[in-house]
Amino acid sequence: MKIQKPPNPQRRQALLKIGQNTGFALFGALLWGAYINVAKAGSTHILRPPGASEEDSKFIASCIKCGLCVESCPFYTLKLATPNDNTTLGTPFFEPRKVPCYMCEDIPCASACPTDALDLKRLYQPKKMEENAQYTQPSINNATMGVAVVDAKHCVAYAGIQCDACYRACPLIDKAIVLEYKRNERTGKHGFLLPVVDSDYCTGCGMCERACVTELPTIIVFPRNVALGKMGTNYIKGWDKLDENRLFEQKEPKPKAQKPDKKLDESLEYLNNSLGEL
């Protein structure tokens, strides 16, 4: 007759702890995997602070996620990305419909950046070069945070209702946004005041989007590499002197250096020696 040993409570507790720890480890691994996926993910529609590279991948590679730019912003425009945001965790961005960039002249966010993620050097050169102009200091007007795009299908101004909210809100009024006057063929009595964005001057600050009166904004700021196309170097604007100068800046291709032909050199040497003997 076998005698059953009494259960060992310590062994049971040890097995329970092992099971609990294994469960916690698996749960932590799942959370960490989700974190990594979000951290690597990015949105092409995210707006970065002034002085950031137009290529978001370069900005993410340079940003150390210190938050100094966020702390230095006096208008609380910038914020650091959380897991709920559709961009790389810990990187600064802003949503103009909520709080736009108010284009501080001293550009404190870019000045506070300890790396070249936000670089004041990018704010020296304007988007449209002017002839004989000298650019010796950074200017917030040269920022390339994005560019505003008008949804003409739903904009009330394009529907014939007088509205110039975005135009009045623009800090570069009559440059970044101008009003185009057009006859209203439907009524024959009224005119349209149509907001038109000039990407050569628009900084992407988002004040126009913030001021838009429609339920959803009908003027929206997108990153420049999303909103703008590219003409290509094979088209020259003959009426634009600065663009026409590109014709003369094209460097002629350098002739390829030819490798010495040993057999040819030996043949020439043989012929020269033969002629010398004659």
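Student: Which backbone oxygen does the side chain of Thr-214 reach?

Tutor: A polar contact is a pair of N or O atoms within 3.5 Å; within protein, one must be able to donate a hydrogen and the other to accept it, and residues adjacent in sequence count only if both atoms are side-chain atoms. Here the Thr-214 side chain reaches the backbone oxygen of Leu-216 at 2.5 Å. Keep in mind that this is a predicted model, where local features need pLDDT of at least 70, side-chain atom pairs count only at pLDDT 80 or more, and totals for chains, interfaces and linings use all residues. Residues are numbered from 1 along each chain as its sequence is written, and side-chain values use heavy atoms, with hydrogens and water left out.

Student: Is Thr-214 buried or exposed?

Tutor: Buried means under 20% relative accessible area, exposed over 50%, and partly exposed in between (1.4 Å probe, protein chains only). Thr-214 counts as buried because its relative accessibility is 14%. Asn-184 is buried too, at 2%. Across the protein, buried residues make up 28% of the 278 residues.

Student: What does Thr-214 touch?

Tutor: Contact means heavy atoms within 4.5 Å. Not counting residues up to four places away in sequence, Thr-214 touches Arg-97, His-154 and Val-156. With neighbours within four places left aside, Asn-184 is in contact with Lys-189, His-190, Gly-191 and Phe-192.

Student: Where is Asn-184 found?

Tutor: Helices (H or I, at least four residues) and strands (E, at least two) are DSSP runs, numbered from the N terminus. Asn-184 sits in the loop between β4 (177-183) and β5 (191-197).
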